[in-house]
Amino acid sequence: MRLPLSSAPAPAWLWNGDEPSVTSVFQPIVDLLHGEVIGHEVLSRGPGERREPQVLFTQAREEGYTWELERACWTSALRCISTLSDEQRRAPFFFNVSPDVLSDPRFGDGSTVALLARYGLKPGHLVLEITEKAAFEDIELIQRLTRQCAAEGFGIALDDFGAGHSGLVTLVHSAPQFIKLDQALVRNIHRYSYQQHLVKSLVAFAASVDAVLIAEGVETWDELAVLLRLGIRHVQGYLIARPAPAPVRPNGEFEAQRHSAMRALDFREHEDDETVGSMVIRRLCMDAATPTGDVQGLFANASQLDHVVLLEGDRPKALVTRQRAPARDERPLVVEDRMAITTLARVAMKRGADTVYDPVVVVDEQGSFLGTVTMKQLIHRSTELLERRTSR
Ligand code: G
Ligand code: MN
């Protein structure tokens with residue numbers, strides 16, 4: 001595929017003579033085990049109102065300047081990198097590239113390697129982050145391109161994994177050394193057990209194919225602590241360091257907190273304090289105004305459906321199970337996600353015979369609905385926790 005070409009010379013918002021108009025910023029990717037920087041993602045920023053890459057790349061595509069923009073970004077990044085000390089250039093730089101740029105004959109014609117050489121760099125200094133923002137279904141092409149780039153010595157990362165088009169099929173065909181887990185799968189992971197189970201299985205997958213799994217967009221210690229517990233070792237995000245005009249290490253405060261998070265993990269002293277939030281799954285909810293008949297109809301149509309939570313706004317009002325509709329004014333057991341699992345097991349078992357096996361509704365600190373925990377989940381997990389405690 002050749003990118004559409006504009007016949008006019010590149011506009012000033014891309015190139016100013018030989019000077020690229022875009023600038024580059026760096027964000028570190030950190031190994032939590034030792035606090036070491038394993039690489040820096042290089043991000044581009046446009047001039048003036050085109051600062052946001054989204055705006056910049058969209059306009060370039062619409063006007064047929066994708067290639068010129070790509071070259072401007074590379075040139076700006078390589079110029080920055082060439083001014084760094086050998087020590088600062090030890091870890092690789094992660095560059096974002098789309099499949100259509102990689103497949104352009106001008107990428108593979110030797111000019112890219114020549115451009116790198118001009119700045120004293122080799123393909124081995126770079127990891128190409130492949131992103132698929134748009135539908136890109138030519139899987140054979142992805143396979144060929146990633147193999148070609150790997151053969152030239154570039155590292156390969158699959159970017160935004162789990163979002164949009166960056167999915168399992170691309171993963172198996174690109175066989176990357178780095179898998180970058182999309183921010184959406186990281187956000188609030190401490191609250192959602194579904195997300196946690198998925199990440200846990202990806203950690204196992206990455207280990208068995210010898211890939212490095214990087215969690216992107218980590219913003220809070222709550223997220224980081226859970227990621228660590230699930231086996232994630234490599235992270236990037238505002239919590240660690242914001243993108244900056246030159247490569248930086250995480251600051252001392254982060255380093256101190258990282259250290260204690262690692263210690264807590266080593267000792268596993270708070271295993272017993274695991275909270276309900278780590279098990280909650282967001283299941284079906286409906287507006288409390290839904291007619292009873294409609295709710296019953298749902299159970300008739302969906303055989304796997306066990307219960308529905310009725311909400312007023314984002315507050316839980318009632319729980320309807322397949323076995324039983326609630327009596328008038330009957331309130332389900334509602335708990336905060338911060339409650340310890342073993343405490344909840346005790347509380348839940350104190351309910352009357354009619355309701356003792358009902359799922360428990362979980363809310364956040366503000367009382368907003370998060371999801372439910374079934375008694376099966378609860379008994380299973382608290383038994384595991386108790387067994388672990390007694391076997392120590
Ligand atoms: O698609 P890709 O993963 O390359 O996107 C990286 C973008 O995410 C950059 O624009 C960067 O500034 C932004 N980013 C980096 N860390 C974080 C973070 O912790 N939170 C959010 N919301 N954005 C981040
Ligand atoms: Mn990226």
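**Ligand sites and sheets**

Modeller: Of the 17 residues around ligand 1, those that come nearest are Glu41, Asp160, Glu216, Glu219 and Tyr238. A residue counts as near if one of its heavy atoms lies within 4 Å. This is a predicted model: local features need pLDDT of at least 70, side-chain atom pairs count only at pLDDT 80 or more, and totals for chains, interfaces and linings use all residues. Residues are numbered from 1 along each chain as its sequence is written, chains are lettered from A and ligands numbered from 1 in the order in which they are written, and side-chain values use heavy atoms, with hydrogens and water left out.

Colleague: Which side chain has a polar atom 3.1 Å from a nitrogen atom of ligand 1?

Modeller: Take polar contacts as pairs of N or O atoms within 3.5 Å; within protein, one must be able to donate a hydrogen and the other to accept it, and residues adjacent in sequence count only if both atoms are side-chain atoms. Asn96 places a polar side-chain atom 3.2 Å from an oxygen atom of ligand 1. The nitrogen contact at 3.1 Å belongs to Gln183.

Colleague: Which strand gives the most to the shell around ligand 1?

Modeller: Strands (E, at least two residues) are DSSP runs, numbered from the N terminus. Strand 4 (36-45) and strand 7 (155-161) are the elements that give two or more residues. With three residues, the top contributor is strand 4.

Colleague: In what order do the eight strands close into a barrel?

Modeller: Two strands pair if DSSP finds at least two bridges between them. Strand 5 (residues 93-97) runs parallel to strand 6, joined by five bridges. Pairing in the barrel is mixed, and the order is 3-4-5-6-7-8-9-10.

Colleague: Why is one side of strand 11 and of strand 13 left without a neighbour in the sheet?

Modeller: The open sheet has three strands in the order 11-12-13. Strand 11 (285-287) and strand 13 (315-321) stand at its edges, so each has a single partner strand.

Colleague: What is the bridge partner of Val308 in strand 13?

Modeller: Strand 12 (residues 307-312) pairs with strand 13 in the antiparallel sense, over six bridges. Val308 has as its bridge partner Val320.

Methods
Helix = DSSP H or I, 4+ residues; strand = E, 2+ residues; numbered from the N terminus.
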